[in-house]
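I opened the model to look up its secondary structure, its cores and the contact between its chains. The entries are in the order in which I made them.

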Amino acid sequence: MPTKPAGTLYRGREGMWSWVGHRVTGVVIFFFLLVHVLDTSLVRVSPEAYTAVIGAYKNPLMALGETGLVAAIVFHAFNGLRIIAVDFWKKGAKYQRQMLWTVLALWVVVMVGFSIRHLSLALGGH
Amino acid sequence: MTATIQPPRSGRISPQYRRSGSSKGNFEMLAWLFMRLSGVVLVVLIFGHLTVNLLVGEGIHAIDFGFVAGKWADPFWQVWDLAMLWLAMLHGTNGVRTIINDYAEKDATRMWLKIVLYAAAAAIIILGTLVIFTFNPCPVVDGVQLPGGFCPAP
């Protein structure tokens with residue numbers, strides 16, 4: 001009976017799941033980017049059109065969406081730097097697992113800071 | 001007769017085993033390298049963008065037409081946003097191209113998905129570039145100032 005192969009750099013565990021996370025966050029960011037260029041382009045239509053549409057970003061539900069988007073961006077950024085280290089640093093592949101946990105720790109720190117600041121601004125009394 | 005097998009990195013490899021020099025050239029290697037180089041630059045550009053637009057001062061509440069006009073009055077932010085637009089769009093388009101190549105198995109499906117992707121990417125890059133360069137902070141239509149404009153005092 002065949003046994004399940006152990007995790008490798010590419011199959012299962014940190015290596016594979018970081019790859020999955022990188023793809024999913026990448027696609028999410030790409031589709032937001034398309035929308036974001038379109039909404040910013042309204043500055044060319046009229047000041048009122050831009051200010052009206054950008055107002056949609058300022059409601060509480062969107063504040064949560066923005067926090068989710070920034071969470072995706074920060075993970076993709078830090079994990080991207082990890083991928084560069086895996087590819088170009090001599091010991092990158094050896095330490096890829098430790099680097100992923102470093103990425104996740106930094107991600108938590110940055111996101112706690114960002115969420116406190118952004119949500120208190122976005123949801124605070126204005 | 002003994003066939004001579006050259007060492008793999010001697011550069012004297014039979015043409016059929018050569019990885020480069022095919023019709024695609026080394027496009028894939030350049031794309032791979034571009035993802036890493038643009039990635040590093042994008043980390044700086046996007047973290048700066050998020051900090052200035054969301055974390056400083058009143059954050060998101062400060063963003064309106066006047067905010068954009070104030071930023072694009074400065075060539076520094078025009079160049080920043082232009083670089084961010086081009087690098088992010090090319091980085092994202094190449095990423096989605098990779099995903100299409102990985103998951104769309106039929107040749108025709110792959111081709112059509114990539115045609116749609118490239119058309120959308122070209123449209124967004126051209127639109128964004130035109131907006132940055134033709135932006136008018138003080139729009140006037142038929143001699144009348146549009147409401148909400150950002151006109152510096154004369």
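**Conventions.** I am working with a predicted model, in which local features need pLDDT of at least 70 and side-chain atom pairs count only at pLDDT 80 or more, while totals for chains, interfaces and linings use all residues. Residues are numbered from 1 along each chain as its sequence is written, and chains are lettered from A and ligands numbered from 1 in the order in which they are written.

**Chain A.** I looked up the secondary structure and found four helices and zero strands in chain A. Helices (H or I, at least four residues) and strands (E, at least two) are DSSP runs, numbered from the N terminus. The order of elements in chain A, from the N terminus on, is α-α-α-α. The radius of gyration of chain A is 19 Å, well over the 14 Å that the globule rule gives for 126 residues, so chain A is more spread out than a compact globule. That radius is taken over C-alpha atoms, and the rule is 2.2 Å times the number of residues to the power 0.38. I also noted that the C-alpha trace of chain A spans about 65 × 35 × 30 Å along its principal axes.

For burial, I used C-beta atoms placed from the backbone: a residue is buried if 20 or more other C-beta atoms lie within 10 Å of its own, exposed if 12 or fewer, and partly exposed in between. Of the 126 residues in chain A, 21% are buried. For contacts, the C-beta atoms of two residues, placed from the backbone, must lie within 7 Å. Among contacts in chain A with a separation of 6 or more, 67% are between residues 24 or more positions apart.

**Chain B.** Here I found four helices and two strands, in the order α-α-α-α-β-β from the N terminus on. Buried residues are 14% of the 154 residues in chain B. Residues 24 or more positions apart make up 60% of the chain B contacts with a separation of 6 or more.

**H3(B) against H4(B).** I checked how this pair of helices is arranged. The axes of H3(B) and H4(B) come within 10 Å and cross at roughly 175°. Axes are lines fitted to C-alpha atoms, for helices over the stretch in contact, with angles from 0 to 180 degrees between N-to-C directions. The crossing makes H3(B) roughly antiparallel to H4(B); the cut-off for that word is an angle over 145 degrees. The residues of H3(B) that meet H4(B) include B:Leu82, B:Leu85, B:Trp86 and B:Met89, and those on the H4(B) side include B:Leu117, B:Ala121, B:Ile124 and B:Ile125. By class, this contact of H3(B) with H4(B) has 12 nonpolar, five polar and four charged residues. Ala, Val, Leu, Ile, Met, Phe, Trp, Tyr, Cys and Pro count as nonpolar, Asp, Glu, Lys and Arg as charged, and the others, Gly among them, as polar.

**Chain A against chain B.** I looked up the contact between the chains: 32 residues of chain A are in contact with 35 residues of chain B. On the chain A side, H1, H2 (47-55), H3 and H4 (96-123) each supply at least two residues. H1(A) gives the most, with 10 residues. By class, the side of chain A that touches chain B has 18 nonpolar, eight polar and six charged residues.

**Cores.** Which residues touch the most other members of the largest nonpolar core? Of its 14 residues, they are A:Ile29, A:Phe30, A:Leu33, A:Ile73, A:Val74, B:Ala88 and B:Met89. Such a core is a set of buried Ala, Val, Leu, Ile, Met, Phe, Trp, Tyr and Cys residues joined through C-beta atoms within 7 Å. Helices H1 (13-41) and H3 (60-88) of chain A and helices H3 (75-103) and H4 (107-134) of chain B each supply at least two residues of this core. I then followed B:Met89, which touches A:Leu33, B:Ala121, B:Ile124 and B:Ile125, not counting residues up to four places away in sequence. Another core, of eight residues, lies apart from the largest one and has A:Tyr50, B:Val68, B:Trp72 and B:Val131 among its members.

**Single residues.** A:Ala63 lies in helix H3 of chain A and counts as buried, with 20 C-beta neighbours inside 10 Å. Not counting residues up to four places away in sequence, A:Ala63 touches A:His118, A:Leu119, A:Ala122 and A:Leu123. B:Ala69 is in helix H2 of chain B and is buried, with 22 other C-beta atoms within 10 Å. B:Ala73 is in the loop between H2 (65-72) and H3 of chain B and is partly exposed, with 13 other C-beta atoms within 10 Å.

How values were computed:
Angles under 35 degrees count as roughly parallel, over 145 as roughly antiparallel, 65 to 115 as roughly perpendicular and the rest as oblique.
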